[in-house]
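Biologist: I have a new structure open and would like to learn how to read it. Could you take me through it, feature by feature?

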Amino acid sequence: MTEFLQHIINGLSVGAIYALIALGYTMVYGVLKLINFAHGDVFMVGAMMAFYTSSKWSSEAQHPTIGGAVLIAVISMAICGLIGFVIERVAYRPLRSAPRINSLITAIGVSFFIEYGGQVVFGPTPNAFGILPPLPPVQVGGLSIGAVDIITMAVALALMFGLQRIVFHTRLGTAMRAVSHNPDVAALMGVNVDFIISFTFVLGSVLAAAAGILFASKYPSVQPLMGLMPGLKAFVAAVIGGIGNVPGAMVGGLLLGLIEQLVSGYFSSQWKDAVAFALLILILLVKPSGLLGRATAEKV
Amino acid sequence: MAALLSLENVDVHYGAIHALRGVSFEVNEGQIVTLIGANGAGKTTTLRAVSCMLQPTSGTVRYQGQSLAGQKAHQLVARGLCHAPEGRGIFPQLTVHENLLLGAFLRRDKAGIAADAEKGFALFPRLKEREKQLAGTLSGGEQQMLAIARALMARPKLLLLDEPSLGLAPQVTETIFRIIEDINKQGVTILLVEQNAHLALGIAHQGYVLETGTVVKSGPGAELLKSPEIREAYLGE
């Protein structure tokens, strides 16, 4: 039982990171109907920027404090927000009225650009990462829960709660949902569609940066290709939950994390990626709109 | 009286298709002006050119005396030009309430927005009963009512209505036309696009007939309604 609970905790912790990344995929898909394949690389840049602010541009990594970690995270999230804004403005906006395949190929191009540009700028070798002071694990019953896992879950929960508030209870969020249903009509309501799309990219990139920092804290290293697998997994999570659906991305991420950890725990960690992608295929066969996705049927 | 809206020799192309050819007309403040014509005559295209959903290839659209060239659709809402698009264009997966709030997207006065929502409900009591429902679950007539109520939430000076009778039962259509007249009496200028020429000309101060992208006839609504050509071509007599 203890072992099972331990796997559940680990699964939720990994799943929370997947969910944060998946939210960016799903929100951008919502407003643009585009899979932003560069999203996993923004996640990498988030971790990388935290590494640079902590080790190269300050001595935070030598004397980590909680306050310092928060500051580093905020700086890195802000930088990634800006990068998300620039990616949309430079790479996707000029192709807004072009066929969708053009944007998709461009997205793959942007992804390669960041990955291999990252190898040039940051160097291809992994670097040790640590912005948190050493914290003892928390003992609950027979369970030992790592401090990083607790922080990951708490931060992810807070960010997801905040996002939920923005999307469903603010004027901007209502405008985002309107743009995702019909951008032309949203414009007729006075919604500046370009602004909403930029806002969505910034929001998604900020969450990806947070996920990158949490991921790098959990598996303490950073390197330019670190966004590949988590990015792909988060994309799978977004599809499982129903692409374009915000609560779906959260559910999909947590579910995928849990399944992976249970497979690693009870079978073999070599199987976990295979199971994740098998799940994607299964969902696409059985319920292509995803767990929470609605099949689009409207009354006319 | 200066025209609130005027089009001068407006041409619109969709790729190789020449959709509007030198369309010119005026809408004076306080009037109901209708554009009638068959399917594909360019009625919806004209509205789209007015609300800047598309840019004319040549010619000028003027609103309040100023050219709209280079403007974006969302900028016109702030200037009181609102377009209730064809096929109702409501947001099916948002509630009736959220749809109305989007109509008031640019406004910040919460009390005024709530008061206007109540006014909308007074016009269309059916919407009040369905306030929390997803708009996609409404009947066709209710969706049309929502589209009009939503457009009014922006407090328009000029309201563009695209085929409000589309797909509706005759009684519902009559109710909606009566309400369009009421809205006009409260000071909103209306540019109405309709296939139902009889009803549209019946309430319009001025009518224009579009055929294959060109205005072929114009005159006061009541006069056009009596014209033998119109009766033959559009009223099936």
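Modeller: Bear in mind that this is a predicted model. Start with A210(A).

Biologist: Which residues does A210(A) touch, not counting residues up to four places away in sequence?

Modeller: A210(A) touches L20(A), G46(A), A73(A), M77(A), V155(A) and L159(A).

Biologist: What does chain A hold in helices and strands?

Modeller: Chain A has 11 helices and 4 strands. Of its 300 residues, 49% are buried. Its C-alpha atoms fill a box of roughly 60 × 45 × 35 Å along the principal axes.

Biologist: How do I judge whether chain A is compact?

Modeller: Compare the radius of gyration with that of a compact globule. For 300 residues the globule would be near 19 Å; chain A has 19 Å, so the two agree. Sequence separation gives another view. Among contacts in chain A between residues at least 6 apart, 77% join residues at least 24 apart.

Biologist: How many residues of chain A are in contact with chain B?

Modeller: 17 residues of chain A are in contact with 22 residues of chain B. On the chain A side, α6 (171–181) and α7 (183–188) each supply at least two residues. α6(A) gives the most, with 5 residues. By class, this side of chain A has 8 nonpolar, 5 polar and 4 charged residues.

Biologist: Now chain B. What are its helix and strand counts?

Modeller: Chain B has 10 helices and 10 strands. Its C-alpha trace spans about 45 × 40 × 35 Å along the principal axes. Of its 237 residues, 46% count as buried. A compact globule of 237 residues would have a radius of gyration near 18 Å; chain B has 17 Å, so this agrees.

Biologist: How do I read a sheet?

Modeller: One open sheet of chain B has 6 strands in the order β6-β7-β8-β3-β9-β10, with mixed pairing. β6 (81–84) and β10 (214–220) of chain B stand at the edges; each has a single partner strand, so one side of each lacks a neighbour in the sheet. Neighbouring strands of this sheet are turned by 15 degrees against each other on average, direction ignored.

Biologist: In which sense do β3 and β9 of chain B pair, parallel or antiparallel?

Modeller: Parallel. β3 (residues 32–37) and β9 (residues 206–211) of chain B pair over 5 bridges. L35(B) has Y208(B) in β9(B) as its bridge partner. Helix α7 of chain B, residues 170–185, packs on the sheet and touches β3, β7 (158–162) and β8 (189–194) of chain B. The direction of α7(B) makes about 155 degrees with that of β8(B).

Biologist: What is the strand order in the open sheet of 4 strands?

Modeller: The order is β2-β1-β4-β5 in chain B, with antiparallel pairing. β2 (17–28) and β5 (66–67) of chain B are at the edges; each has a single partner strand, so one side of each is left without a neighbour in the sheet. Strand β1 of chain B, residues 3–14, is joined to β2(B) by 8 bridges. L5(B) stands opposite V27(B) in β2(B).

Biologist: Which strands does α1(B) lie across?

Modeller: α1(B) lies across β1, β2 and β4 (58–63) of chain B, at about 65 degrees to β2(B). Helix α1 of chain B spans residues 43–50 and is mostly covered, with 7 of its 8 residues buried. Among them are T45(B), L47(B) and V50(B). Just after α1(B), C52(B) takes a positive phi of about 60 degrees.

Biologist: How do I read a loop residue?

Modeller: Locate the loop, then count neighbours. R107(B) lies between α3 (96–103) and α4 (110–123) of chain B. R107(B) has 17 C-beta neighbours inside 10 Å, so this residue counts as partly exposed. R107(B) touches G112(B) and I113(B), not counting residues up to four places away in sequence.

Note on methods:
Residues are numbered from 1 along each chain as its sequence is written. Chains are lettered from A and ligands numbered from 1 in the order in which they are written. This is a predicted model: local features need pLDDT of at least 70, side-chain atom pairs count only at pLDDT 80 or more; totals for chains, interfaces and linings use all residues. Two strands pair if DSSP finds at least two bridges between them. Axes are lines fitted to C-alpha atoms, for helices over the stretch in contact, and angles run from 0 to 180 degrees between N-to-C directions. Two residues are in contact if their C-beta atoms, placed from the backbone, lie within 7 Å. The radius of gyration is taken over C-alpha atoms; the globule rule is 2.2 Å times the number of residues to the power 0.38. A residue is buried if 20 or more other C-beta atoms lie within 10 Å of its own, exposed if 12 or fewer, and partly exposed in between; C-beta atoms are placed from the backbone. Ala, Val, Leu, Ile, Met, Phe, Trp, Tyr, Cys and Pro count as nonpolar, Asp, Glu, Lys and Arg as charged, and the others, Gly among them, as polar.
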